[in-house]
Amino acid sequence: FDAVAKAAIPIIDDFNSQEITNTVNAFGKMDHRHPELFDAVAKAAIPIIDDFNSQEIANTVNAFAKVNHRHPELFDAVAKAVIPIIDSFNSQELANTANAFAKMDHRHPELFDAVAMAAIPIIGNFNSQEIANTVNSFAKMDHGNPELFDAV
């Protein structure tokens with residue numbers, strides 16, 4: 001994986017949203033920490049974050065959380081990009097995004113409010129793991145949302 005990172009870093013600015021996501025997601029799945037790669041990914045992702053679809057956003061922040069790589073600027077950019085398109089997120093993407101923000105202890109009340117409002121109408125689509133991750137994320141962030149908790 002270090003050889004892949006070494007090869008990717010100089011050309012990461014040429015990657016599109018899917019290529020960025022697939023790269024960082026592979027490192028996250030393997031729990032392989034490579035700070036230089038994750039910093040380069042964040043730097044490359046921020047200017048094109050609006051090109052990311054809901055799955056790419058969820059997988060990217062989830063990968064950062066899996067390897068515990070903090071990048072507040074990326075998470076702020078993600079939150080800003082997510083809020084207007086939150087209704088396009090499915091249950092897994094909502095749960096994983098909230099969970100990643102909670103794991104990184106990255107507080108963004110507007111994002112959590114948006115996640116709650118998007119989750120409530122589709123709460124019946126959430127499986128038990130997604131429900132657990134979502135409510136745990138809200139609890140960890142000390143972000144109360146009675147409507148969400150009532151829906152669960």
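# Helix packing and aromatic pairs

Helix 4 and helix 6 pass each other in a left-handed crossing, a term for a near helix turned anticlockwise from the far one by less than a right angle (right-handed if clockwise). The model is predicted: local features need pLDDT of at least 70 and side-chain atom pairs pLDDT 80 or more, whereas totals for chains, interfaces and linings use all residues. Residues are numbered from 1 along each chain as its sequence is written, and side-chain values use heavy atoms, without hydrogens and water.

## Helix contacts

The axes of helix 4 (residues 54-66) and helix 6 come within 8 Å, crossing at roughly 30°. Helix 4 is therefore roughly parallel to helix 6 (angles under 35 degrees). On the side of helix 4, Ser54, Gln55, Ala58, Val61, Asn62 and Ala65 take part; they meet Glu93, Asn96, Thr97, Ala100, Phe101 and Lys103 of helix 6 (contact means heavy atoms within 4.5 Å). Sorted by class, this contact has 5 nonpolar, 5 polar and 2 charged residues.

Helix 6 (residues 91-103) also packs with helix 8 (residues 128-140): their axes come within 8 Å and cross at roughly 35°. This crossing of helix 6 and helix 8 is left-handed. Helix 6 contributes Ser91, Gln92, Ala95, Ala98, Asn99, Ala102 and Lys103 to the contact, and helix 8 contributes Glu130, Asn133, Thr134, Ser137 and Lys140. Here the classes are 3 nonpolar, 6 polar and 3 charged residues.

## Aromatic rings

The whole structure holds 5 aromatic pairs (ring centres within 6.5 Å). Phe1 and Phe27 form an edge-to-face pair, because their ring centres are 4.8 Å apart and their planes stand at 85° (edge-to-face means over 60 degrees). Since Phe1 lies in the segment before helix 1 (2-8) and Phe27 in helix 2 (residues 17-29), the pair ties together parts 26 residues apart in sequence.

The pair of Phe112 and Phe138 is likewise edge-to-face, with centres 5.0 Å apart and planes at 80°. Phe112 belongs to helix 7 (residues 109-119) and Phe138 to helix 8, so this pair also joins parts that are 26 residues apart in sequence. Elsewhere, ring pairs link Phe38, Phe64, Phe75 and Phe101 into a cluster.

The table gives the accessibility of the four paired residues described above (buried: under 20% relative accessible area; exposed: over 50%; partly exposed: in between; 1.4 Å probe, protein chains only).

| Residue | Relative accessible area | Class |
|---|---|---|
| Phe1 | 40% | partly exposed |
| Phe27 | 1% | buried |
| Phe112 | 1% | buried |
| Phe138 | 0% | buried |

Technical notes: Axes fitted to C-alpha atoms, helices over the stretch in contact; angles between N-to-C directions. Helix = DSSP H or I, 4+ residues; strand = E, 2+ residues; numbered from the N terminus. Nonpolar A, V, L, I, M, F, W, Y, C, P; charged D, E, K, R; others polar. Phe/Tyr/Trp six-rings, centres within 6.5 Å; stacked < 30°, edge-to-face > 60°. Parallel < 35°, antiparallel > 145°, perpendicular 65-115°, else oblique.
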